[in-house]
Amino acid sequence: RFEKANIDHDGWDTHQRNFNILRDHRLPVFDQAYSALCQDLDSRGMLEDTVVAVLSEFGRTPKINSKPGGGRDHWSRAYTAVVAGGGTAAGRVVGRTTPDGGDVRETPISPKDMQATLYHLLGYDSQMTMPDRNGQPPPIAGTGSLRPELLS
């Protein structure tokens, strides 16, 4: 059994004790909170106008490391995002990885594509520019492109 201080410290960065932390602590809370938020927004008629997105800048290694209890390290070649509401396609799974989850096999969507698509859903043109600290006007979503397969 883990002490509460250990669990709070580890957060989602499961380099160690991946399975116990996720199974016993993080995922049940996430599942309950995310589904409750979406259900609440839907029951109030607000989900169609609200984007609920959960994503990060990387995924996790397909192989378990040798740290205590087994963990998974950072992995940039494949990751998962979950989006609901706001014009996204309900119940749709987009893309596929190799069986071990290590590489994208079908329909790659980059973080910049996600950014462009989320800006679109929020009513912004992803090609809109904003001056950076050097005064250059890059597009707010960089080289990202709107991904219609994510939309309803």
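The model is predicted, so local features need pLDDT of at least 70 and side-chain atom pairs count only at pLDDT 80 or more, while totals for chains, interfaces and linings use all residues. Residues are numbered from 1 along each chain as its sequence is written, and side-chain values use heavy atoms, with hydrogens and water left out.

**View A. Trp12 and Phe30 as an aromatic pair.** Three aromatic pairs are found in a search of the whole structure (rings of Phe, Tyr and Trp, the last by its six-membered ring, pair if their centres lie within 6.5 Å; planes under 30 degrees apart are stacked, over 60 edge-to-face, and the rest tilted). Trp12 and Phe30 are edge-to-face because their ring planes stand at 90 degrees, with centres 6.3 Å apart. This pair links distant parts of the chain, 18 residues apart: Trp12 is in the loop between helix H1 (4-10) and helix H2 (18-43), and Phe30 is in helix H2 (helices, H or I of at least four residues, and strands, E of at least two, are DSSP runs numbered from the N terminus). Trp12 is partly exposed at 46% relative accessibility, and Phe30 is partly exposed at 25%. Together with Tyr34, Trp12 and Phe30 form one aromatic cluster.

**View B. Tyr119 and Tyr124 as an aromatic pair.** The two rings are edge-to-face, 6.2 Å centre to centre with 85 degrees between the planes. Tyr119 is partly exposed, at 25% relative accessibility. Tyr124 lies in the segment after helix H3 (111-121).

**View C. The nonpolar surface patch of Leu122, Tyr124 and Met128.** These residues have about 300 Å² of accessible area together (Shrake-Rupley method, 1.4 Å probe, with only the protein chains shown as cover for residues).

**View D. The largest pocket.** Its volume is about 1500 Å³ (the space filled by probe spheres set on grid points joined across faces, edges and corners). A pocket is an open set of points on a 1 Å grid over the protein atoms alone, where a 1.4 Å probe fits, with protein on both sides within 12 Å along at least five of seven lines; lining residues have an atom within 4 Å of a point. Of the 44 lining residues, Val54, Tyr79, Thr80, Ala81 and Val82 are the closest to the centre. H2 gives the most to this lining, with four residues.

Notes. Buried < 20%, exposed > 50% of the residue type's maximum accessible area, 1.4 Å probe, protein only. Patch = residues over 30% accessible without salt bridge, like charges linked within 9 Å, V, L, I, M, F, W, Y side chains within 5 Å. Salt bridge = Lys/Arg side-chain N within 4 Å of Asp/Glu carboxyl O.
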